[in-house]
Amino acid sequence: MKAELRIRGTSLAQLARDLRVTDSALTLVGKRMCRSQKIEKALADALGVAPEALFPNTREGEAQ
């Protein structure tokens, strides 16, 4: 993910600044250790994919 962001001219740190969240919050969502629709959407947008493709719903019955 980090390499693809770099290719596209951005970074996790830049996205964190743009979203006004901590780098660690972005990293935790990127590693799928916690969920945030706002961060998931920003990461997916930066990578040019749909959030559902990057972060598939892995918990049965979880609302989007």
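At 14% relative accessibility, Ser11 counts as buried, where buried means under 20% relative accessible area, exposed means over 50% and partly exposed is anything in between, all with a 1.4 Å probe and protein chains only. This comes from a predicted model, in which local features need pLDDT of at least 70 and side-chain atom pairs count only at pLDDT 80 or more, while totals for chains, interfaces and linings use all residues. Residues are numbered from 1 along each chain as its sequence is written, and side-chain values use heavy atoms, with hydrogens and water left out.

Ser11 sits in the loop between helix H1 (2-7) and H2. Helices here are DSSP runs of H or I with at least four residues, strands are runs of E with at least two, and both are numbered from the N terminus. Leaving aside residues up to four places away in sequence, Ser11 touches Leu5 and Arg6; a touch, or contact, means heavy atoms within 4.5 Å.

Stepping back to the whole chain, there are five helices and zero strands, and the pattern along the sequence reads α-α-α-α-α. Of the 64 residues in the chain, 30% are buried. Taking contacts between residues at least 6 apart in sequence, 34% of them join residues at least 24 apart.

Next comes H2. Its residues Leu12, Leu15, Ala16 and Leu19 are buried. Looking down the axis of H2, these buried residues fall within an arc of 100 degrees, so they line one face of the helix; the arc is that of the directions from the helix axis to the C-beta atoms. Arg17 and Asp18, on the other side of H2, are exposed. The cover over the buried residues of H2 includes H1, H3 and H4. Arg20 belongs to the loop between H2 and H3, and with 78% relative accessibility it counts as exposed.

H3 can be read in much the same way. Here Leu26, Val29 and Gly30 are buried. H2 and H4 are among what covers them. Ser24, another residue of H3, is partly exposed, with a relative accessible area of 47%. Ser24 and Ala13 are eleven residues apart in sequence, and their C-alpha atoms are 9.3 Å apart in space. After H3 comes Arg32, again not a glycine but with a positive phi of about 65 degrees. Arg32 has its place in the loop between H3 and H4.

How do H3 and H4 meet, and at what angle? They pack at about 80 degrees, with their axes 10 Å apart; axes are lines fitted to C-alpha atoms, for helices over the stretch in contact, and angles run from 0 to 180 degrees between N-to-C directions. That makes H3 roughly perpendicular to H4, since angles of 65 to 115 degrees count as roughly perpendicular, those under 35 as roughly parallel, those over 145 as roughly antiparallel and the rest as oblique. On the H3 side the contact is made by Ala25, Leu26, Val29 and Gly30, and on the H4 side by Ile39, Glu40 and Leu43. These residues divide into five nonpolar, one polar and one charged. In this sorting, Ala, Val, Leu, Ile, Met, Phe, Trp, Tyr, Cys and Pro count as nonpolar, Asp, Glu, Lys and Arg as charged, and the others, Gly among them, as polar.

Not counting residues up to four places away in sequence, Glu40 touches Val29, Arg35, Pro51 and Phe55.

Finally, there is the core. In soluble globular proteins, nonpolar side chains tend to be buried together. The largest nonpolar core in this model has 15 residues, and those with the most contacts inside it are Leu5, Leu15, Leu26, Ile39, Leu43 and Leu54. A nonpolar core is a set of buried Ala, Val, Leu, Ile, Met, Phe, Trp, Tyr and Cys residues joined through side-chain atoms within 4.5 Å. Helix H2 (12-19), helix H3 (23-30) and H4 each supply at least two residues of this core, and H4 gives the most, with six. Leu26 touches Leu12, Leu15, Ala16, Leu19, Val21, Ile39 and Leu43, again not counting residues up to four places away in sequence.
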